[in-house]
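I opened this model to look up two things.

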Amino acid sequence: MKRFLAFVFIFAFLLTGCKINSPDITAIPEKKESKKEASQEEIQEGGTLRVNITSFDTLNPFLNDNEMVRQLLNLTLEPLVTLDKSLKPIPLLAYKWEVNGLNIKFYLRKNIKWQDGESFTARDVKFTMDSFLDKGSKSPYKDLIKAHISSYREIGDYEFEVSLNGPVANPLALFIFPIVAEHQYKDKGDIVNPLLVPIGTGPYKIVSYGQGNSVVLKRNPHYWGEKPHLEEINFKIVSDENAMITSFLSKEADFTFIKDVDWDKYRENSSINIYKYTLQRYVFLAPNLKKQVFSDVAVRKAIAYGIDVDRILREVYFKHGLKSNVPIRPDSWLYSPKIASVYSIKEADKVLQDAGWLKANGIGTKGGYQLKFNLLVNSDNPYLLKVAQIIKTNLKEIGIDINVVPASWDDLLKSVFSGNFDLALMEWNLNYNQDISSMFMTRGKDNFMGYSNPSLDDLFNKVFSETDEKSLRNNYYKVGEFLAEEQPVIGLFYLEGAVMAYGNVKGIDPTSFNVFNNISSWYLKKQY
């Protein structure tokens, strides 16, 4: 089972007194390619999209922790708030909101019907949150809600109020969990019924589910949004990821997920199109700042300059990554355009020399300290093991001697949280909320590096207290720029994911949060 919101460390979400009003609904743009295609040919109505999916245990959102199933459920279930391609929260079942300190009031859309024709109301939102918190729930959303929400209540049929149990930056991104229909759950046992097939408010309705066979979805006749072109989406269930690809290449499916990082090999087939997107998986080096040598920012900067990230992406990840020296996605609305990742041996040498680090027998030396470090890396991650060797080779050029120490994930975590490490090569699956404060604020619960800087603490406090999106963005820019200058961690890159489809499928524009983003615009080209 793939944990779809399983964070290596779940960041705390922070917010202080503020009031934020929601923007108008923002349309998610299609790719230019799709617009061009649509203008040159008539969009076809109807048809069945065939999709492959590996075997899973349940479609019940309160029990599901499978990422592909989460993506499938995006077609039928909707949250209060969704995310655009820049990870910015935008309205969905809630058409606007107000944030006052730790309280958020959502205004729900009226005249929305469940797929069985019943009306959607605030009672469904309350029931959803109650059910995610049920002791039998196994969804990762359970931990998210439990960790950050202290109370909630319905106000009439179309208003819903939530109180957070502590300050949260960008709090609206907490509310991306799917809302279910209360009336479908006839008794409490249905919450943990693995055979339950949920009904939702989304563009498609699950009309049949044969365990181990298929899941069939058809257009929701009660859908409140733009009517989708595709009449039906048929998910064929296969045994594993290899079978999923084999089935697709045999043209038993039109669209499929890709788990193999080497997806470019499929481009040899000219009839296949590949659509990539940025994942939340971030790779970085964490220094132990409690050690004297790493308290010298020059050493951290030199390491950052000395690592050839382009080479890593080219030789290990087939160029499928996005460079970022801070843990904010470069395609995020909160990423400062002033931040840049630079590889320069010359600059690395200069930074060390200016700080008094001189090479002796090829190793940087200063005041009795040598630039010799153990680098912890997860022994179960073959990609990171290769990355560690490239880092070792890179840093040798600037007088830093690295000893790569593979360790199991559990042992690695024990080492870093006990402070028994020099450097650790990490891959974290970061939250869509993008709140990284607990990693860098003084005494932050995830700040195992031991970083402390009052100026950065003050910047985060400003982020927590913003009154509008522009101010939030500008102060997040400052946070990112500060991190790029200080390098409390040496950021490397975000990984990319992809899906692929045959050329008869048009309009695809996936995101990591929803690979079926803009599904209403997808269509099948006839006579392909």
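My entries below go from the domains to the strands.

**Ground rules.** I am reading a predicted model, in which local features need pLDDT of at least 70 and side-chain atom pairs count only at pLDDT 80 or more, while totals for chains, interfaces and linings use all residues. Residues are numbered from 1 along each chain as its sequence is written, and side-chain values use heavy atoms, with hydrogens and water left out.

**Domains.** I looked up how the protein chain is divided and found domain 1 (48-254 + 504-525) and domain 2 (279-496). These bounds come from an automatic or database domain assignment. The centres of the two domains, taken over C-alpha atoms, are 35 Å apart. To their contact (heavy atoms within 4.5 Å), domain 1 gives 17 residues and domain 2 gives 16 residues.

**Buried area.** I then checked how much area domain 1 and domain 2 bury between them: about 1,300 Å², with 57% of it on carbon and sulfur atoms. Buried area here is the accessible area (1.4 Å probe) that two parts lose on being put together, summed over both. On the side of domain 1, Leu87, Ala169 and Asn170 lose the most area to domain 2, and together they account for 40% of what that side buries.

How many salt bridges does the rule find across the interface of domain 1 and domain 2? It finds one, where a salt bridge is a side-chain nitrogen of Lys or Arg within 4 Å of a carboxyl oxygen of Asp or Glu. I noted that Glu469 forms a salt bridge with Lys88, and their closest N and O atoms are 3.1 Å apart.

I turned to the strands, which are DSSP runs of E with at least two residues, numbered from the N terminus. Two of them pair if DSSP finds at least two bridges between them. Strand E5 (residues 94-100) and strand E6 (residues 103-108) run antiparallel and are joined by six bridges. Val99 stands opposite Ile104 in E6. E5 and E6 form a hairpin with two residues between them, and Gly101 in the turn has a positive phi of about 60°. E6 also pairs with strand E8 (residues 159-164), antiparallel, over five bridges; there Asn103 faces Ser163 in E8.

I found another hairpin in E10 and E11, with three residues between them and Gly212 in the turn at a positive phi of about 75°. Strand E10 (residues 204-210) and strand E11 (residues 214-219) pair in the antiparallel sense over six bridges. Gly210 has Ser214 in E11 as its bridge partner.

Three bridges link E16 to strand E17 (residues 363-366), and Leu358 stands opposite Thr365 in E17.

Definitions and conventions: Helices (H or I, at least four residues) and strands (E, at least two) are DSSP runs, numbered from the N terminus.
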